[in-house]
Every structure is written in structure tokens, then in C-alpha cells.
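Dear colleague,

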Amino acid sequence: MKAITRAFVLGAGLGTRLRPLTDELPKPLIPIFQKPLITFAIDHLLSAGVESFVVNTHRLPNLFEDLFAGGKYSGHSVTLVHEPDLLETGGGIKNAEPYLSDEHFITYSGDILTDADLRPLIEEHIGRGNDVTLAVRQTGVAASVALKDGRIVDIGGKYGVAGTHDFANIAVWSQKIFQRIPPAKKVSFVPTLAEWIGENGKIGGVVLDDGKWFNIGSRAEYLEVHRSISKENWNPRYSKTPGWPQPISKTAHVDPTAKILGCSAVGPDCQVAEHVILEDTILWPGSQIASRSHLCRCIVRSHRHAAGIHHDVDI
């Protein structure tokens, strides 16, 4: 199989449904047991043969610069491309064109978490000489993609064909896509692909229903990810973070009398005082929990103080 060595990881989304959590931390950077969400995408792509990355940013680009200090991740090149104005998926791809010069490249949303095998997607794209190949799933939530015999025959209902699958936010592209997206325009790639289908473009699809898929679109789903990982002891085979998952950071201070229960996670430099009870609660870096506090299904943002009894709130 021919390797695809370059990928565009989408990191510029607003994460509006996760607010207020994403007010100070872009969604792709939220921690999952101390590991930033976007690093799962990059680890996954590394395991599939990708060697260099382009990441688009919008809000708080300095935090991406901190994570990918020196333009590197695990020894591999990471180029950050800032979008002062959001360009959406199609515009974002076009904006990254100068850094995606290989014959083929992969796009991967920086806010999904999965361990699905990417090899069938890459093999299908190269083997059938596709212009674009989408990873699709049957999610039960949406079905905007019509797939028949390995070909996408409709997307978004443009041709009146009933959808069968949902786009899984991972795709492989040829250089031809750059000819079809206008520069410096805010545009989704969906209408571009729909038009291309009508012009007999080779738009393929591969069903990736295997493996784990986590949707993190709300605080409830964010907590559920931790619960599932903790309960099932899930650790993707591709992870390059030794010791993950890490419920309690090595730099956190937790008093011996405190109780850390369920899927709770205590981030770096946190302070958990005596007789605290944390149940299914996530502490972001530097947060401080006062003595005898009891937090249940809470998320405490970075460097915040919490005291007393709280249930189902963000602090």
C-alpha cells in the first residue's frame, strides 16, 4: 500500500456546545485523562504512516503554539495555519494548500476520538484511484451521505437520493480538490463534493463502523468519555503517551484523606485538600478544591477554586 504521509487536522472549530468550557480552551485541546484531545488524532495518523501535519487554528492560537512547541509533536513536523476569520471545512483545506503538496493527503477532525482502522480507507482511495474518499458510519444520528458500491452518489440530498450514512470526519483527498475551492472564502466542502459527484468525480466511501467512536459535543458526553475509558480500561493501540490514561497527574497534590471516585480525573498542579470527595468529576490543571468539599459530576476549569457541595455544574 502506498503511504500517505501528510495530514490536515482541523483544529479551528468553536466548540459552542461545550461552552463555557471552551471559552478559555479550544475544544481540540480539552484534556482526556491529562491528554489533549487533538493528540489522539495525531497519534492515530502517525500509526497509519503520516509523517507531517498541518493544523488550522482560530481561537486562542497561542495555546496550540504551546502544545506544539517548536513546530513539533513526537519528533514530527506540525505547521500551524491561523484563520483570523473562520473559513469552514472547504475554505480551511484551501487555505492550507501551500503545506499540502503531496499527491494525496488526509483530513481528520481534531475533536473526534476513535481507534478505527484507517488502512481500509487509505487502501480504497489509492487502489480505486479516487479523487476523494470519505470515511462514513451508521451513527443513527444523521445520514446525509448516500453510499452505493463504494461510491458516494449523493451528499446533502442534492440529487434526491436518500442518505445511508453519516460522514465520520476523516477523509482522503487528491490534489484536484484545490482546483474546486475558491481562495479566501468561507465555504463547506459539502456543496463542492456534491457538485463534483454530478460531474462524475470519483468520490468514494468506506464504512468505518469498527472500533470505538466517542462524540464529545457536550459536557455530558465529555464526562461519558471519561466514564467509558475508566470502566472499560480503554487505551487505543496507537497512543504515544506512556502511562495513559492517568486519572491523577503526577504533579497534583491530593490529600490522603480525600476520596477520588468513579471516572474522576485530577489534572497537573491541582490541589485537593483534606476530606474532599470527588465523584465523576474532572479537574483541569491548577484547580484547587477546598477541604470537605463534595463535587459530583462537575468540571472545574483551569486555576479555579471550588468549595462546598456541587452537583452537575461547571466551575
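A residue is called buried here when its relative accessible area is under 20%, and partly exposed when the value lies between that and the limit of 50% above which it counts as exposed. Please keep in mind that this is a predicted model.

With that in hand, strand β9, residues 132-137, is mostly covered, since 6 of its 6 residues are buried. The cover extends to both faces, with Val-132, Leu-134 and Val-136 buried on one side and Thr-133, Ala-135 and Arg-137 buried on the other.

As for its partners, β9 is joined to β12 by 5 bridges in the antiparallel sense, and Arg-137 stands opposite Asp-166 of β12. Strand β13, residues 203-207, also pairs with β9 over 5 bridges, but in the parallel sense, and there Val-136 has Val-207 as its bridge partner.

The loop between β11 (151-155) and β12 (166-174) holds Tyr-159, which is partly exposed, with a relative accessible area of 34%. Together with Val-153 and Val-161, Tyr-159 makes a nonpolar surface patch of about 210 Å².

Elsewhere, 3 strands form an open sheet with parallel pairing, in the order β17-β20-β23. Because β17 (265-266) and β23 (299-300) stand at the edges with a single partner strand each, one side of each has no neighbour in the sheet. Between β17 and β20 (residues 282-283), which run parallel, there are 2 bridges, and Val-266 has Leu-283 in β20 as its bridge partner.

With best wishes

Notes: Residues numbered from 1 in each chain as written. Predicted model: local features only at pLDDT ≥ 70, side-chain atom pairs only at ≥ 80, totals over all residues. Heavy atoms only, no water. Pairing = 2+ DSSP bridges. Helix = DSSP H or I, 4+ residues; strand = E, 2+ residues; numbered from the N terminus. Patch = residues over 30% accessible without salt bridge, like charges linked within 9 Å, V, L, I, M, F, W, Y side chains within 5 Å. Areas by Shrake-Rupley, 256 points an atom, 1.4 Å probe, with all protein chains shown as cover. Salt bridge = Lys/Arg side-chain N within 4 Å of Asp/Glu carboxyl O. Buried < 20%, exposed > 50% of the residue type's maximum accessible area, 1.4 Å probe, protein only.
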